[in-house]
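Here are a few exercises to work through with the structure open beside you. Try each task before reading its solution.

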Amino acid sequence: MIDVNELRKGVTFTMGGELYKVLEYQHHKPGRGKATIRTTLRNIRTGATIQHNFISGDRVEDIRVERRGVQYLYTDGDLYHFMDTETYEQTAMGAAILGDQVRYLKEGMELVLSAYEGEPLDVELPTTVEMEVVEAEMAVAGDTATGAMKKVTLDTGLEVQVPLFVERGDVIRVDTRTGEYVTRV
């Protein structure tokens, strides 16, 4: 059991027989009374996101999450297939579990898979990924005093705002935490 004051973004725990991962965490201390911990949680099995408030002093059951290196292989509809880099064992995960992370997955990408009692829970993406621009708007640099931006579509279908000089066929680096353009490679 862990105290809710120890919850942070990315922590996985059980509550009411369900597995949850903390997406957002905010500690709120009013002038009087106990502190409130406001969290946004994702149910790992269903993919549903909920808001939950804890009172300081509450406890939840911590779980031991096994982490191992995997390589993303392919997708077939709603399932995404990964291969353990040590045992070559394959694991499939649904799109509901992965959420928005599917927009950053490219074949052959090395990731870290988290599992609990053999059940895959989540994958950890690298901080940045390199993707190719497949569609870019035509942009004319006019009398702009600030950095003008345009929208491009990447090879995974992700849309990103980039500077005007980025063209179709360029490879760019995208931050997986924010979904923002970092640099042209």
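**Exercise 1. The largest pocket**

What volume does the largest pocket have? Then describe its lining by position, element and class.

*Solution.* Keep in mind that this is a predicted model.

- Step 1: the volume of the largest pocket is about 680 Å³.
- Step 2: 24 residues line this pocket, and those nearest its centre are Lys9, Leu23, Gln101, Thr176 and Arg177.
- Step 3: two or more lining residues come from each of β3 (18–28), β4 (36–43) and β11 (119–124). The largest share, four residues, belongs to β3.
- Step 4: sorted by class, the lining holds nine charged, eight polar and seven nonpolar residues.

**Exercise 2. The nonpolar cores**

Find the largest nonpolar core: how many residues has it, and which of them have the most contacts inside it?

- Step 1: the largest core here has 27 residues, with Phe82, Leu105, Leu111, Leu154 and Ile172 making the most contacts inside it.
- Step 2: among the elements that give two or more residues to this core are α1 (95–98), β7 (66–76), β12 (128–136) and β15 (171–175).
- Step 3: another core, of 10 residues, lies apart from it and includes Ile2, Leu7, Phe54 and Val60.
- Step 4: now take Ile172 and set aside its neighbours within four places in sequence. The contacts of Ile172 then include Val129, Met131, Leu154, Val162 and Tyr181, as well as Glu130 and Arg184.

**Exercise 3. Salt bridges across the chain**

- Step 1: Asp84 has a relative accessible area of 9%, under the 20% cut-off, so Asp84 is buried.
- Step 2: The bridge runs from the loop between β13 and β14 to the loop between α1 and β10, 49 residues apart. Asp155, at 36%, is partly exposed, and Lys106, at 26%, is partly exposed too.
- Step 3: Glu130 is partly exposed at 38%, as is Arg173 at 25%.
- Step 4: finish with the network in which salt bridges that share partners join Lys21, Arg42 and Asp122.

Notes: Residues are numbered from 1 along each chain as its sequence is written. This is a predicted model: local features need pLDDT of at least 70, side-chain atom pairs count only at pLDDT 80 or more; totals for chains, interfaces and linings use all residues. Side-chain values use heavy atoms; hydrogens and water are left out. On a 1 Å grid over the protein atoms alone, a cavity is a set of points where a 1.4 Å probe fits but cannot get out, and a pocket is an open set with protein on both sides within 12 Å along at least five of seven lines; lining residues have an atom within 4 Å of a point. Grid points are joined across faces, edges and corners, and a volume is the space filled by probe spheres set on the points. Ala, Val, Leu, Ile, Met, Phe, Trp, Tyr, Cys and Pro count as nonpolar, Asp, Glu, Lys and Arg as charged, and the others, Gly among them, as polar. A nonpolar core is a set of buried Ala, Val, Leu, Ile, Met, Phe, Trp, Tyr and Cys residues joined through side-chain atoms within 4.5 Å. Buried means under 20% relative accessible area, exposed over 50%, partly exposed in between (1.4 Å probe, protein chains only). Contact means heavy atoms within 4.5 Å. A salt bridge is a side-chain nitrogen of Lys or Arg within 4 Å of a carboxyl oxygen of Asp or Glu.
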